Amino acid sequence: MKVAFIGTGSMGSLLIEAFLRSGALHPNYICASNRSRQKADALANRHPGLRVTGSNAEAANGSQIVFLCVKPLDYPAVIEELSGVLDERQIVVSITSPVQIGMLEERLSSKIAKIIPSITHSALSGASLCIYGSRILPEDRLLLEQLMSSISIPVSIRETETRIASDIASCGPAFIAFFLQQWAEAASRQTGIGRAEALRLGAEMLHGTGKLLTEGGFTPEQLQRRVAVPGGVTAEGIAVLQNGLEHVFTGLIETTHRKYDEDLGKLNHLFGLQPVPDADAVEPD
Ligand SMILES: NC(=O)c1ccc[n+]([C@@H]2O[C@H](COP(=O)([O-])OP(=O)(O)OC[C@H]3O[C@@H](n4cnc5c(N)ncnc54)[C@H](OP(=O)(O)O)[C@@H]3O)[C@@H](O)[C@H]2O)c1
């Protein structure tokens, strides 16, 4: 099976390298193209056999699956280039949350899926969010989920849930890393423990907690009950967090949804679907 990756920036190269490391794909069956060719060439140098093409159309041509790993504002150019090349047997996978499946189905004759990956896939873990377009058949879904399960846990979601699911699965590593950083810095300031030591303890704790909440079968409530004895140190700490975090998650969700709606408006404008006069930039995620 030939698989193409259009865009070999941060996520495109992360996906390619994760698929190679997992053994799901062999370099000989990967085609890659990137606007500035040197990024794709660097990947090919690291993985002999991987083919770099001079155009996106050439990469997509004959590929069973075509991953689009470019930023939202770059979609129109890529779609224009691919529209004459793709056929109805090929599967295009967009990894960008605000680009709607309907927009792609209108412009491309291929089957369309949206799969939102996460940086956690570079550790062959984390959930990938899978949304399927109307032309995707059960066997296409099976193929995509087999491929994604080599580097992640594929989770099927509705397109309307993309933002909140991406907040947790895809932005989540950055949010949790920020939480850990703040905690380690406070620990270092207030107690004198080294920042690096506090971070190492925290990272190991996160790793173990993740395992308990997945393969360990714990729910968050059970985990808290097991650690926090009533009146003990942990229970006192949880009370502090409860006070401090009461409005944090509401604000976080409101903010990411507002930003997503703005991005969606700008994209609609770009695709000629809706006028948004002040559109300037659309950020990833
Ligand atoms: N970062 C995350 O954790 C994450 C998670 C899930 C989804 N995503 C989504 O992944 C997408 C890509 O993000 P990223 O962080 O990988 O961005 P990135 O590092 O900027 O990579 C995008 C790549 O696309 C290339 N490109 C742009 N226009 C092109 C064109 N017309 N033809 C071929 N290649 C083209 C760029 O080439 P140049 O080298 O010339 O700039 C760049 O290498 C975004 O839509 C983002 O929302 C990101």
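Guide: A polar contact is a pair of N or O atoms within 3.5 Å. The model discussed here is predicted.

Visitor: Which backbone oxygen lies 2.8 Å from a polar atom of the side chain of serine 122?

Guide: That oxygen belongs to isoleucine 119, and the distance of 2.8 Å falls within the cut-off of 3.5 Å.

Visitor: Where is serine 122 found?

Guide: Serine 122 sits in the loop that runs between β6 (111-116) and β7 (127-132).

Visitor: Is serine 122 buried, partly exposed or exposed?

Guide: The relative accessible area of serine 122 is 31%, so this residue is partly exposed; buried would require under 20%, and exposed over 50%.

Visitor: Which residues is serine 122 in contact with, leaving aside neighbours within four places in sequence?

Guide: With those neighbours set aside, serine 122 is in contact with Leu14 and Arg21. As for serine 188, it is 66 residues from serine 122 in sequence, and their C-alpha atoms are 29 Å apart in space.

Visitor: How is empty space in a structure to be found?

Guide: A probe the size of a water molecule, rolled over the atoms, shows where empty space is left. In this model, the largest pocket holds about 2,700 Å³ of space. Among its 50 lining residues, Ile176, Phe179, Leu206, Thr209 and Leu213 are the closest to the centre.

Visitor: Which elements give two or more residues to the lining of the largest pocket?

Guide: They are α7 (162-191), α8 (195-213), α9 (220-227), α10 (233-245) and α11 (248-270). The most comes from α7, with 14 residues.

Visitor: What is the lining of the largest pocket by class?

Guide: The lining has 32 nonpolar, 15 polar and three charged residues.

How values were computed:
Residues are numbered from 1 along each chain as its sequence is written. This is a predicted model: local features need pLDDT of at least 70, side-chain atom pairs count only at pLDDT 80 or more; totals for chains, interfaces and linings use all residues. Side-chain values use heavy atoms; hydrogens and water are left out. Helices (H or I, at least four residues) and strands (E, at least two) are DSSP runs, numbered from the N terminus. Buried means under 20% relative accessible area, exposed over 50%, partly exposed in between (1.4 Å probe, protein chains only). Contact means heavy atoms within 4.5 Å. A polar contact is a pair of N or O atoms within 3.5 Å; within protein, one must be able to donate a hydrogen and the other to accept it, and residues adjacent in sequence count only if both atoms are side-chain atoms. On a 1 Å grid over the protein atoms alone, a cavity is a set of points where a 1.4 Å probe fits but cannot get out, and a pocket is an open set with protein on both sides within 12 Å along at least five of seven lines; lining residues have an atom within 4 Å of a point. Grid points are joined across faces, edges and corners, and a volume is the space filled by probe spheres set on the points. Ala, Val, Leu, Ile, Met, Phe, Trp, Tyr, Cys and Pro count as nonpolar, Asp, Glu, Lys and Arg as charged, and the others, Gly among them, as polar.
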